[in-house]
Amino acid sequence: MTSALQLPYELWLRVFSFLSWKDKLSMRCTCSHFKRLMDESRPVWRGFSVVLKDLSRYNRAFWRSLARRQLTSVSLRAGKKRDLKLLSVWLPLLEALRLDNWRGNDVQELKRFHLLNRLTLTACSTPLVNLEFLLPLSHQLTQLSLCNVQLTCPASQLLASISQLTRLGSLLLHHDGSLAIPTLRGVLSQLVNLRFLSWTMINYKRLSQDFFRPGTGAAGGASLSLSDLQLLNYDAAVTHEVLQPLANLRSLSVFHLYSVPGPTCHLQTWLTSLQQLCSLSVHGGHPLVVYADFLPSSLLSLTLCVDLQPEDLHVVSLRAPNLQHLHLEPWSSSSNLVRLLPQLFPCLKTLAIRHHHVSDEDFLGLHQLQHLNTLEILDSFYRPDPNDPSLVVYKPSSRLLQLISDLQILTNHKVRVITSSHRDALTCACI
């Protein structure tokens, strides 16, 4: 061990770069040499984000350790005004900040973070009276997410505040429907750099003709720079004219408001208007058969969390023959679907499926997908006692582990298999 410690520090840092965040933290605790080496090397911690709660329990040694790593991303849970001041003192280089369950209505201390460009507020217990705290950050923010946040300010004031964030490239606003915003025209005309938009649609029944129109002086056929659009709780009627400004859209995600939709499938209008769409994600709404014939041939990525039948996938394969990424999470059983995938979608590179009720033969048949490099299992849990359905173990069963091993042997270990438990762990590490 002594000879190993004498290796050049550049070599050790190279080794550390291959470790997961969990393994890096474990390695840091093995000895004082590694602790000092890792704490004093910023590249080792690049991209690392730490979750903090109840800052009063952290001592100066803890803060010095974080400061040495020069962290740029923090998630603060149940924080208060004084916590932001403390963070700004010890971690002045913060570029990304997530405030979960914020406990006050004053976020003015954010002005202390001069490098902050990504901000998320989610599940705040106290309503935000206004968004004036964003104004000092107007020339910094490139990403803003307001999720499950109660806003008591008028809609006009909200739009005015957001419109001043002229560098914004990503905007997410999810609310309870209490905000009545008739059109996004005023916002979109100011946010010329906006590429990603996620918007709550719960109080829209019909989109106005100027809903996506870029600006007052723009021609009728003018297009937005928007490339990725998410619509939450969607059930609004729309026309081709309304969607004309979205000609540059490449990714569309629709989370429907109702599991039992109305008589009209509004998604048909979207799909026929967006013929260059590369990625589509649909959650709920009408069964796939209602709009499968309208899928654009340009699709490379498709997520379906809907009611579908095996024959529907045949239509999809004809409409989108070059599909490379498929997330299949049908409301009904997937037992008869998995066996079809190698024949219908031979170009798949990534695939996400359920495995329950899928036969071993059909699961292992996925080795026929010659281009597959990542397989995600969405339901890696099992019930150990058939007589007690309430007892659930949230980790892969021995059967699933054996299937994964057999599949990797068949594919010469070229396919990376991710289980839902692994995915959840990765999500927690990236907060």
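Strands β1 (residues 49-53) and β2 (residues 73-77) run parallel and are joined by five bridges. The structure described here is a predicted model.

**The cavity**
- One cavity of 30 Å³ or more is found when the whole structure is searched.
- The largest cavity holds about 80 Å³ of space.
- Its lining is formed by Y234, D235, H256, L257, Y258, P261, T264, C265, H266, L267 and H286.
- By residue class, the lining of the largest cavity comprises six nonpolar residues, four polar residues and one charged residue.

**Positive phi at N233**
- N233 is a residue other than glycine, yet its phi is positive, near 60 degrees.
- N233 is placed in strand β8 (residues 228-234).
- The relative accessible area of N233 is 23%, and this residue is therefore classed as partly exposed, the class that lies between buried, under 20%, and exposed, over 50%.

**Positive phi at H357**
- H357 is likewise not a glycine, and its phi is positive at about 70 degrees.
- The loop between β13 (350-353) and α13 (360-364) contains H357.
- With a relative accessible area of 66%, H357 is exposed, because that class begins over 50%.

Key
Residues are numbered from 1 along each chain as its sequence is written. This is a predicted model: local features need pLDDT of at least 70, side-chain atom pairs count only at pLDDT 80 or more; totals for chains, interfaces and linings use all residues. Side-chain values use heavy atoms; hydrogens and water are left out. On a 1 Å grid over the protein atoms alone, a cavity is a set of points where a 1.4 Å probe fits but cannot get out, and a pocket is an open set with protein on both sides within 12 Å along at least five of seven lines; lining residues have an atom within 4 Å of a point. Grid points are joined across faces, edges and corners, and a volume is the space filled by probe spheres set on the points. Ala, Val, Leu, Ile, Met, Phe, Trp, Tyr, Cys and Pro count as nonpolar, Asp, Glu, Lys and Arg as charged, and the others, Gly among them, as polar. Two strands pair if DSSP finds at least two bridges between them. Helices (H or I, at least four residues) and strands (E, at least two) are DSSP runs, numbered from the N terminus. Buried means under 20% relative accessible area, exposed over 50%, partly exposed in between (1.4 Å probe, protein chains only).
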